[in-house]
Structure formats: C-alpha cells, structure tokens
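I would like to walk you slowly through a few local details, and I ask you to keep the picture in view while I talk.

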Amino acid sequence: MIGDTQMKNEECKMKNEKRTARLLLGNLHFSFFTFHFSLCFSVVLALGATPALAGDPQAYKAARIWTGDGPPIANGVLVVRDGKIIAVGSQKSVTVPEDAEVHDLGSATLIPGLVIAETTLGERGKDDERALTPEFRAIDGFDFYGDYRSALSGGVTTVQIAPGSRRLMPGQGAVVKLAGDDPHARTLRERESLRILLGDLFKSPPRIYEPPVGAVSVDKPLEPTRQQLAASLASAVAGLRATMRAATENGTSTSASRKDKNGPVAALAECLHNGGRVRITAPGAADIRAALSLAREFNFRLILVDPSALGPFKEQLPTWKETVSGVILSAEVRPGAVSDVPVPDKDDPKRRLPWENARDLLAAGLKVAIRPAADNDLDDTLFLAGLFTSGGLSSQQVLQMLTLHPAELLGVADRVGSLTAGKEADFVVLDGEPVGTHTRVQAVYVNGQQAYTAKFAARSTVIQAGRIFTGTGEVVARGSVLVEGSTIRGLGRDVSIPADAVIRRYDRAVIVPGLMDLSTGLGLGGALNTPVALSTNLGERLVSGDPAVAVARQGGVTTVLLASTAPAASPVVAFKLGDKPRVVRDPVAIRFAVTGNLTQQATTLRGTLQAARAYAEGWARYEAALAEYEQKKKEFDAAKSKTAPPASKPADSTKPEEKKADAPKKEEPKAPEAPRKPTVTEAMEPYRALFAGKIPALVDARRADAIKLAVQIFRDEFKLRTVLLGADDAFRLAELLADKQVSVAVGPEVVRTVEREPVNLAQILANRGVPFGFQSKATTGVKTLPYAVQYAVRRGLGADDALAGLTASPAKFLSIDNKVGSLAVGKDADLVVLSGSPFELSTRVLAVMIDGEWVYESEE
Amino acid sequence: VCVAVITSGVQAQEQLAIKGGRIVPIGKAPIDGGIILIRDGKIQAVGKDLAIPSDYQVIDAAGKVVLPGFIEVHSSRGMDQANERNNNVPFLSVVDAIDPGQEYFEDCRRNGVTSVAIVPGDDTMIGGQAAVIKTAGSFVDQMIVKRQAGIKISLKPGANRSRMSHLASLRKEFDAARDALGGSSGRPAIATTERPMETPKDDEIKTSDPTQQPDPDTPEGGQPESPVDVAVRREALVRLLKGDMPAFIYCEAAMDVPQALKLAAEYKFKAILVLGHNCYKAAKLVAASKLPVVLDPTLVFWESDPRTGDEKKIVVPKIYREAGVPMTFEVTGIAGGNLFRAPDLPATLGSNFLWYQAATAVKYGTPVPEALEAITLRPAKLLGVDALAGSIEPGKDADLVILTGDPLKINTWVQTTLVRGKVVYEREKDRKLQHLLQQEKVGSK
C-alpha cells in the first residue's frame with residue numbers, strides 16, 4: 001500500500017514538473033493544473049511525515065562488505081530500496097541509481113544482520129503444568145513491542161524464540177525480527193519447529209490431578225496427584241514414541257484432525273507431517289542417539305541443539321545429513337565470566353570444546369549455527385562467536401554460522417541471512433573486522449530502517465547566543481562559546497567547532513558568566529551556625545543532592561561561599577552548585593565578625609590575630625630561611641662537586657688549565673645549616689595563607705563603628721586583604737573604604753531605607769570605586785539574589801557594575817578569578833543563558849551550566 | 001433488538017418541554033435558545049421556534065446547556081463482582097447480576113450518564129455476555145436497552161499462566177464453536193462423551209489423549225458433559241462467530257493487540273478493542289485495523305526507560321488521535337470510585353468521571369465537539385444503540401443532561417438528568433452532594 005502511494009507520488013511529482021513547465025510557457029487550463037498541483041502537494045506533505053519510507057534508494061558505501069555467503073568485498077556498496085537489497089558488490093561493478101541517497105560509511109565494515117537459531121526471548125518462566133503441549137506456539141507469547149535494544153546492539157536482527165524450556169515437549173517455536181513496526185511483517189515463521197528437550201531439564205514436571213478435580217464426596221474422594229510422564233530418559237523416549245505414533249496414525253484420518261484442529265494430537269500430527277522440523281536439545285551421547293532414532297523412525301528433519309558429547313559420533317557425522325537439518329551450538333561460556341566445566345560424560349570421557357565440534361560438523365557438510373549460552377549475552381554475540389576462530393575456523397566460517405547457516409536451518413534464508421539482492425536489508429555496521437577483539441557495532445539496520453545506533457557521548461557543546469557578556473566588561477555580539485568537558489575552549493564571533501559537538505542555539509539570548517553569592521547556607525543540607533574549627537575542611541563535608549541547591553541555581557548563581565555564622569574565626573569554602581558540589585577553593589577566606597560589644601571584640605580579635613601573625617611569621621621566616629638554605633646548599637653542593645677530586649684525576653693530565661683555575665679556591669666552604677622547622681598547628685594553618693595575602697579575611701561588620709574598627713584592625717594593624725560582609729553603613733564610609741582598599745559584600749538587603757531615604761549601597765560603592773560583591777545569607781533564596789540586585793539596578797546601579805558585582809569583581813577579590821567569574825578560554829564553563837539583557841524586567845533565566853553540565857533548563 | 005418497555009413511572013411526566021438554553025445535539029450545530037419537546041419518553045421535536053402545547057410540563061433551561069445523556073461504553077460495575085473465577089464462562093450474562101440499587105447507578109445519573117454497557121471484567125478468558133442498560137430504573141428488565149450487546153474475551157492470562165497456554169485454550173474454544181456452527185444441521189458436531197480415538201495403552205502417557213488433558217478451563221472439573229450442556233455453554237461463542245454480536249477483546253499490553261487482530265481475522269468475528277494503557281505502542285496497528293476502541297481509564301502516565309531511567313510522559317489520547325483512531329473512554333472501576341467513597345477521605349476528581357476523561361482528551365488537543373461525541377454518539381454507534389440514544393434527535397429516547405454551563409468545564413454541574421423523558425436527577429434535590437459541599441465548607445474553615 002505504501003509502495004502504491006509512493007508511486008502515485010512520484011508520478012504526481014513528474015506530472016507536476018511537466019505541468020509547471022507548461023504553465024510557465026503560458027499554457028492554458030490554468031485552473032485545472034492548480035487543482036492537481038494542490039492535490040499532489042498534499043500527498044507530498046503526508047509522506048513527509050515518514051521520510052524513511054520514501055522510495056528513493058539508499059546506497060551504503062563501506063570499506064568492506066561481508067555478504068555472509070562468500071569472501072568479503074573490498075570497497076563495496078550496498079543498495080537498498082523499500083527495505084530490500086537491490087544490489088551489492090564492489091563500488092566499481094555496481095552502478096548506484098542516480099536518485100539514490102549515498103551514505104559513505106568510510107572505513108566501516110558491513111555484515112548481514114545476525115540470525116540466532118535459538119533464544120528464549122518469548123515468554124519466559126511460565127511453563128505450563130503439562131509436560132506435552134505441542135499445540136503451544138511461542139509466537140503467542142512474543143512481545144512485538146518489547147525492548148530488544150540490548151540484542152540489537154550486538155547486531156542481532158532475527159531470532160528464533162523457544163516456546164518454553166522446562167518441559168519435555170513445550171510447543172512450537174517461531175522466527176521473528178527484533179525491530180520494525182508491523183508484527184505481521186516481522187514474523188518470518190509463525191511455526192518454525194516443534195521443541196523437545198532431553199537431558200536434565202524436562203525431568204521434573206509438576207505432579208497433576210488426573211482427571212482434573214471434580215465434585216468431591218464420600219463416594220468420590222479427592223484423588224492424589226499423579227506423576228506425569230517420565231522422570232527417566234528411557235520412559236521419556238518411550239512416551240514420545242507412543243505419542244508420535246498416535247499422532248501420525250491419526251494425522252491421516254481427516255475427521256480426527258478436523259475435530260480438534262488446535263488440540264495437542266492434531267498439532268503434533270501437523271508438526272510431523274511431510275517431514276516437519278523438530279528440534280531436540282540433546283546434550284549427552286544417549287540423548288543424541290535417542291533423538292536420531294526418533295527422527296529416523298518418524299521421518300522428521302532434526303535440528304540438534306547443544307549436542308556436547310559428539311565424540312562417539314565423529315565417524316558417523318557424514319551420514320547425518322539425511323536426517324539432521326543442522327546443529328545449534330553455544331559457546332558454553334559467558335563473556336567476562338568464569339564458568340565451571342561439566343564433569344565428563346561417561347560415554348564421552350574426552351570432553352570436546354564447542355569449536356572442535358563445529359569444525360567436525362562443518363567438515364561433515366552439516367549446517368552449524370552459533371548462539372550465546374544466555375539471552376543476556378546476545379549483545380556479545382560477535383565476541384562469543386569469535387571464540388570459535390580458536391578452533392581453526394576462519395572468520396568467514398564463523399560469520400556464516402551467525403548468518404546464512406542459521407537462516408537456512410530456520411527456513412528463512414529466502415528473506416534474511418546474507419547480503420544478497422532480493423533479500424531484506426538487515427545489516428550491521430561495524431568499525432572493524434567482524435571477528436576482532438575491539439570491533440564495535442556502530443549501527444544496525446532492519447528492513448533498511450535504522451534500528452540501533454551506538455551513542456558515543458558528545459564531548460563538546462557549542463552555545464550560540466545573541467550576545468555574550470564575558471563579565472569583564474566585554475560584550476561579544478552573535479558569539480559562540482565552545483565547552484569541552486568542564487572548560488571553555490573557545491569564545492568569540494567564530495569559534496572552531498569540533499565535528500561531534502552538540503550545538504545549542506539561543507538566537508536572541510544573552511550569555512553571562514555564572515553568578516556568585518558570597519554568603520549562603522547551602523551545601524550541608526541545613527544552616528551552619530555553630531562554631532567551626534579553623535582546621536576543618538568544609539569542602540569535605542559538602543553533601544550531594546541538596547534539594548535547596550537545585551532551587552538556588554535556577555536564578556543563575558553557580559558559585560557560592562559557605563562559612564559558619566558563629567562569631568569565632570571560621571573557614572570559608574567556595575564551591576559550585578553542580579549536582580555534586582565541587583570545591584573551588586578551601587579555604588577561600590577566613591571569616592571574622594566585628595559585632596556586639598566592640599571593645600571586648602577588639603581585644604579578642606587583636607589577641608587572635610597577633611597569635612596568628614606570630615605563627616604565620618614564624619613559618620614565613622622558616623620558609624625564607626629554608627629557601628636561602630636550599631639556595632646555599634645548591635651552591636655548596638655545586639662547589640663541592642667541583643673541588644672534590646674526581647676519581648680519574650691522576651690520569652687526567654690533558655686539561656692543565658682547568659686544574660689551575662680550580663686551584664686558588666682551595667679553602668673548604670662551610671656546609672650550610674638547615675633551619676629549624678616550626679611545629680605545625682592545624683588550627684593555625686589557614687592563617688599562613690591569610691597573612692601571606694593569598695586569601696582575604698571576610699569580616700562581618702555592619703554598623704559604622706564596627707566597620708571603622710574592622711578597617712583599623714584588619715587593614716591598618718595587620719595589613720590583611722579585607723572584605724566587609726554586610727557593611728550596611730558603608731555608605732557613610734565609602735571614601736575610607738576606597739582609600740584603604742577594602743571590598744564589600746552587599747546584602748542580603750541590597751537596597752535599604754535609612755532615615756526614610758533609600759540607600760543603594762552598591763551604587764555608592766561603585767561610584768567610589770570600592771570593589772563589591774553580593775551576599776544572600778540564604779539557602780533556596782540564593783535563587784532570588786539576582787532579583788534583589790535587579791532592584792538595585794532599578795535604583796540606579798549600573799547594569800555592568802551589577803553584573804561585575806555578581807561575577808568578576810568578587811572572583812577577583814577572592815583570588816579565584818583564574819577559574820570562575822568571567823567567560824574566557826581556559827576558565828570553567830559556568831554560564832547562564834538569559835532571555836534578554838541582564839537585569840531587564842522581562843529577562844528570564846533560560847538555562848544554567850556548571851562545569852560544562854546543564855544543571856537547569858527552563859521548560860520553554 | 002430489544003425495545004424497551006416504558007415504565008409506569010414515566011406516565012406522570014409524559015409530556016415535557018425543555019425551553020431556553022443552548023442545545024448541543026451532537027453531530028449537528030448547537031441551537032441557542034432552542035426547545036425540546038418530549039412525549040412518551042421519546043424526543044418529539046427539537047428546534048428554535050416550536051410551539052409548546054399547553055399540557056406540556058415545561059423545564060426552564062435558560063442559561064443552561066442541554067446535551068444527550070452520556071454513554072459509558074464499557075463498565076464492569078453495577079454487579080456484585082466483575083469477574084467470574086472460572087476462566088471460561090461464555091454462557092453467563094451480566095443481566096443476571098446487575099443490581100439497580102447500587103450506588104454506581106446513582107453516580108451515573110449524578111454525572112449525566114444515562115446509558116451504560118455493563119461488560120464482564122478483564123480477568124476472565126471468556127467472561128460472558130454484556131448488556132446495554134439505562135441507568136435509571138428499579139428492575140433490570142426495565143432498564144435493558146440491548147440484552148446481548150457482546151461477549152467479553154480477555155487476552156490477559158491468569159496468574160502463572162503463559163500467553164501461549166491462554167491462546168491455545170482460546171483457539172480450542174473457537175474451534176469447537178466453529179465446528180458447532182458448521183455442523184449445526186444434524187448431529188451436534190461438538191465433542192461428545194465418547195472417546196474420540198483410541199488412546200495409547202501406555203499408562204504413563206496420559207497427556208496424549210486430549211480429552212484427558214487436565215484442562216483448567218473446564219468449568220465443572222472432569223465431569224462428563226452432556227451434549228445439551230455443551231451446546232448451551234457454547235451458544236454465545238457460536239452467536240459471536242455468526243456475527244450476531246461483537247466481542248469486547250481486552251488487550252492488557254501492546255503485544256496482545258496483534259493477537260486480538262489475528263483471532264478476529266482467523267475466526268471472522270466483529271471485535272471491539274478494549275485497550276490497556278500500555279497498548280499505545282500498537283496505536284498504528286490499531287488504526288490500520290479500523291476496529292472500534294475503548295481506552296483504559298489511565299489516559300496520562302509516566303513511563304521510565306529501563307536502560308536510561310529517563311522518565312517520559314505518555315498521553316494516550318494524543319497518541320491515538322495522531323494515529324487517527326476514534327476513541328471512547330472507560331472510567332476507573334474501583335468500587336466506590338465516586339465523590340463519596342469514604343466519609344473520612346476527601347472527594348476526588350479524576351478518571352472516575354466520564355466527562356473528566358473527555359476533558360482530559362480536550363486538554364491534550366482533542367476538539368471539544370469530538371470529545372463530546374466520544375462520550376455520546378460514538379459509544380452509541382459502537383454498541384449498536386444509536387437508533388435510540390447518543391444524540392438529540394426526534395425519535396430517539398429522551399435521555400438528556402442539562403448542565404449549568406459549558407460542557408467539560410470544571411465548574412459546570414449537572415443540573416438535571418432525564419432518562420426516557422423522566423427526570424431522574426435534580427441537583428437541588430441531591431442531598432448527598434449538598435452534604436458533601438457542606439462538609440467542604442466546614443473543612444475549609
């Protein structure tokens with residue numbers, strides 16, 4: 001039906017073209033043409049919805065094509081139309097139709113879709129209570145809408161499904177494809193073969209009531225359950241023989257079969273009629289003998305499954321061809337697993353490996369199919385089959401046992417099993433030789449449609465936007481940011497884009513650096529208001545999956561600071577709000593508080609800082625002395641090696657000048673003395689970075705007197721880099737702060753009303769040149785910090801200054817600007833995509849990226 | 001066709017006129033400010049400028065919306081239980097189990113449902129015969145619209161049973177029915193008590209004899225059946241194969257859909273697909289089959305990918321609409337799934353209301369007229385009762401709903417429900433509803 005429509009469509013297209021041409025030439029019948037034109041147009045539209053079904057041939061060029069029934073073709077091409085192969089061969093010999101869409105697969109190898117001659121992908125684990133149910137059909141239990149991606153990922157496209165595996169005669173198998181829309185088209189054989197299991201699996205069917213339980217009375221008591229059939233091979237075979245005899249005798253009488261067409265006896269008769277196929281699982285030598293004798297007696301074609309004990313039959317194998325359609329072998333190992341080898345069979349003491357069996361069977365001219373030992377291993381079929389090459393089989397033979405042989409054995413070779421013109425286009429794209437340790441399946445096609453494609457994670461992302469604010473005042477219009485891993489690798493108007501990059505376009509949007517919040521309660525799943533020892537590494541305490549973090553970052557904040565709000569000196573950690581918190585620097589600062597009774601505070605602080613300075617200076621002196629020592633030591637060692645008489649000196653008489661030069665420096669230099677190392681006090685360690693100027697002191701000071709005191713102690717007396725937290729009254733002291741080079745973290749009340757006048761501290765600081773950032777002191781409220789800043793912008797703060805205050809400026813005074821705070825090549829990929837200019841009222845956050853991962857995307 | 005007998009209770013309001021308001025007849029353009037004349041339980045005339053005879057009692061529907069009564073196309077409520085424990089009971093009829101006094105019917109009237117097809121549940125292989133009934137009446141015989149409205153077949157295998165075994169049993173039943181149909185002239189062609197063939201003498205091979213198979217479907221166990229019993233038991237299936245009635249085939253999962261289609265094609269019977277929510281995967285197949293469809297109450301659900309863990313929202317009505325399948329809806333069948341399910345639980349609003357199902361379809365893209373058709377005329381056609389119900393047309397039963405506002409809106413209430421021209425529900429007199437709303441008010445304080 002689809003083909004019909006396509007033909008009509010093509011005809012239509014051609015007619016259209018002609019007509020359009022005539023129309024252009026000024027032909028008549030205008031209305032007539034337009035009518036038809038619109039009609040055709042609608043057909044084209046309808047087909048547009050299913051492009052894969054379009055009738056254009058598809059040509060796949062590949063370095064090698066293994067057709068499954070011969071040697072590989074180098075530089076081959078496979079031409080497919082409407083799900084069928086129309087040509088295959090070398091690129092020189094095959095003419096690709098002009099209208100074909102050509103897919104150049106480069107160095108890839110094409111093989112036919114793999115055919116597995118036995119799986120249990122049908123209904124599993126629900127064996128009937130009865131031992132003989134030949135009327136059961138595996139196809140009834142197959143889920144055409146199931147998830148077969150795992151098997152497809154191994155290149156398996158067609159499978160036989162077994163009806164059950166724990167009863168003597170569980171029913172009839174079927175052959176189906178693992179992908180496709182139409183269940184009817186996917187069913188290659190509805191009834192493939194009757195299954196019989198010998199060996200150990202069938203030997204424990206449940207005991208059943210016979211006849212079934214009816215009314216129970218004194219006269220008619222409940223009878224005990226009875227054993228069904230056999231628990232031994234001998235009685236099982238006798239039972240099978242008797243049942244088959246009954247079926248074949250009755251099968252000829254039409255009345256009986258008509259009466260009970262789908263009943264067990266009729267079903268069995270149908271299976272055996274006209275040399276039907278029966279597959280018998282026969283692991284032991286006795287089982288194999290029994291299977292062969294049943295096949296000869298009832299004249300059916302036998303498929304032997306897993307005949308491990310083939311040794312005794314080696315001589316007879318050539319005579320098997322009359323009875324045996326084929327043999328199904330499993331690799332008997334599971335990939336990557338250690339398995340116990342069975343104890344030798346008493347009939348076949350010398351256990352043989354599956355590939356030895358395969359070699360002998362192939363040599364005897366029998367068809368051999370390979371299957372994995374378990375359905376879960378279907379994705380490793382090529383690997384498991386590859387093991388057979390260790391038995392001296394060629395790649396071509398192994399491939400045959402996965403494609404053409406099983407297809408023939410299942411009776412579906414007219415449709416699948418090799419890449420031959422006329423067959424269905426089931427093929428697998430490999431990145432190497434079919435039997436190769438590192439070969440991977442890249443794509444699988446079933447009936448010409450892609451059924452599986454390997455997904456290799458894209459390593460890079462390109463974000464394109466209308467404008468990019470780098471955070472340092474620069475704006476790139478129509479720019480792109482290239483992110484590889486967690487790092488920005490390119491930024492500008494025209495960045496180089498790797499082939500596999502995922503490109504995200506935000507045409508009118510604006511990209512800004514990830515924002516920063518200088519004081520939050522995030523990261524620990526709750527507030528931190530108890531004192532924390534300075535030696536604590538807060539970064540190690542951060543927890544993943546804090547739900548507050550997921551909310552907080554929706555506003556665009558990507559880096560936050562966490563410290564205890566207790567008055568004592570506390571470490572401060574800077575970390576990213578990714579799904580897993582990542583520490584930027586720990587500690588990034590030390591937090592102090594100048595609050596409450598200032599006189600008392602001043603004394604305490606001075607005491608603390610003096611002790612700290614003493615400790616830090618002790619270390620500084622030691623380090624200086626150590627550096628000096630090392631320098632001297634080096635010089636000394638150098639000198640010593642020169643003065644020390646070389647072992648060959650007496651013989652060395654060729655360089656007299658050198659000797660002369662050394663001679664005057666004869667006086668022995670004194671070995672330098674190593675400085676004494678101060679003892680390490682964990683609680684004081686962070687002060688070394690503080691006094692070395694590597695990290696700043698964050699000082700919580702709000703009132704004017706507190707600010708003054710803080711500046712006096714931290715800046716004037718101890719010469720520390722200082723950031724005031726809160727600093728509400730700093731608007732009165734802006735000049736002082738500018739003069740003393742003190743920074744400020746504004747917030748959480750960004751705009752305050754003081755004496756009935758609104759005070760926009762950030763704007764005042766900006767105008768005085770005092771560097772500032774913002775703090776929210778919140779958890780989920782971190783999300784709203786940008787809105788608070790937006791209000792400051794409304795009240796006069798410049799948008800550029802506001803953005804700098806949320807990004808580059810604090811990054812700089814915290815000395816973490818080498819990684820965060822601005823967008824530049826080499827920095828962390830923390831960015832926010834906004835729908836418009838930053839701080840505009842209509843602007844929304846579209847997406848947030850932290851360390852190259854999208855952590856938030858609005859639902860637009 | 002069973003034509004209903006007009007009950008004596010209707011006499012009092014034999015002649016009625018509904019005046020004013022907006023009439024939505026379904027299948028035709030709405031009439032604003034129209035009049036519906038009702039006589040002897042039938043719609044006599046519909047129009048804008050009709051003269052109302054003086055002896056007609058007038059219902060003023062000004063500012064309200066009049067619709068044909070809603071029709072539930074598949075419900076297993078109103079009976080003591082939905083499923084027979086026995087797996088193979090084609091001879092049962094729901095008519096024998098319907099209890100008109102059940103709260104379910106009261107809920108139906110309260111929600112504007114005037115006809116409902118009571119169908120055996122989804123758990124029985126061959127569950128028995130369905131019937132279409134009105135939701136008002138004291139005795140089931142007065143309520144019946146169509147007695148043999150279909151036979152219920154479920155493709156959901158019982159516990160510990162495989163689909164292979166289930167389908168093998170079903171085929172066996174169908175074969176027997178087909179044989180009975182083919183050999184209806186002369187001797188009964190159905191299996192009799194005599195042994196059909198010699199059995200092997202080997203004692204151990206009991207299972208080779210089909211009559212001796214322990215058959216889980218045999219209702220009375222291993223009792224020998226008389227030919228008459230068998231004929232009665234199979235009669236319903238034979239009628240199905242004759243084409244006298246359709247089969248409601250329940251498909252639990254998408255994989256059952258191809259099997260249902262295969263059975264319907266092989267045994268040539270009329271089928272109505274009752275689709276579990278996972279059947280959406282087979283939407284294309286369903287569309288191609290052109291068979292009528294009843295959707296599971298679960299219209300929207302989340303599905304997670306077993307490999308990636310990705311969650312995906314599945315909107316069932318949208319999928320079928322895009323596939324071009326005309327759908328009808330089912331409501332949740334949980335006992336007491338109504339506004340008053342338990343005194344201590346809050347009232348719920350959801351898939352337990354037929355109009356809510358239609359509204360859900362509208363939410364995900366179905367136009368309102370189509371959604372309304374899916375709960376009125378379409379189920380009527382599907383059940384073969386469209387000559388009597390499903391739209392407001394002269395000659396049809398006067399099954400009407402008067403709504404306080406536009407249909408499928410959350411704040412619209414059913415004002416009045418009429419079944420065969422008789423007022424069977426009035427909101428003012430609904431003491432349960434008033435009680436509930438009172439409770440809500442108290443609760444909100």
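Before the first example, we need one term: a polar contact is a pair of N or O atoms within 3.5 Å, where, within protein, one atom must be able to donate a hydrogen and the other to accept it. Please also keep in mind that what you see is a predicted model.

Is A:Ser235 buried or exposed? Its relative accessible area is 16%, and because buried means under 20%, A:Ser235 counts as buried.

Now we turn to chain B, and to a sheet. Four strands of chain B form an open sheet in the order E5-E4-E1-E6, and the pairing is mixed. Strand E5 (42-47) and strand E6 (57-60) of chain B are the edge strands, since each pairs on one side only. On average, and with direction ignored, neighbouring strands of this sheet are turned by 20° against each other. If we look at one pair, strand E4 of chain B, residues 35-39, runs antiparallel to E5(B), and five bridges join them; B:Arg39, for instance, has B:Lys42 in E5(B) as its bridge partner.

My last stop is a loop of chain B, the one between strand E8 (70-75) and helix H1 (103-110), where B:Asn86 lies. B:Asn86 is buried too, with a relative accessible area of 19%, and a polar atom of its side chain lies 3.5 Å from the backbone nitrogen of B:Asn88.

Notes. Residues are numbered from 1 along each chain as its sequence is written. Chains are lettered from A and ligands numbered from 1 in the order in which they are written. This is a predicted model: local features need pLDDT of at least 70, side-chain atom pairs count only at pLDDT 80 or more; totals for chains, interfaces and linings use all residues. Side-chain values use heavy atoms; hydrogens and water are left out. Buried means under 20% relative accessible area, exposed over 50%, partly exposed in between (1.4 Å probe, protein chains only). Two strands pair if DSSP finds at least two bridges between them. Helices (H or I, at least four residues) and strands (E, at least two) are DSSP runs, numbered from the N terminus. Axes are lines fitted to C-alpha atoms, for helices over the stretch in contact, and angles run from 0 to 180 degrees between N-to-C directions.
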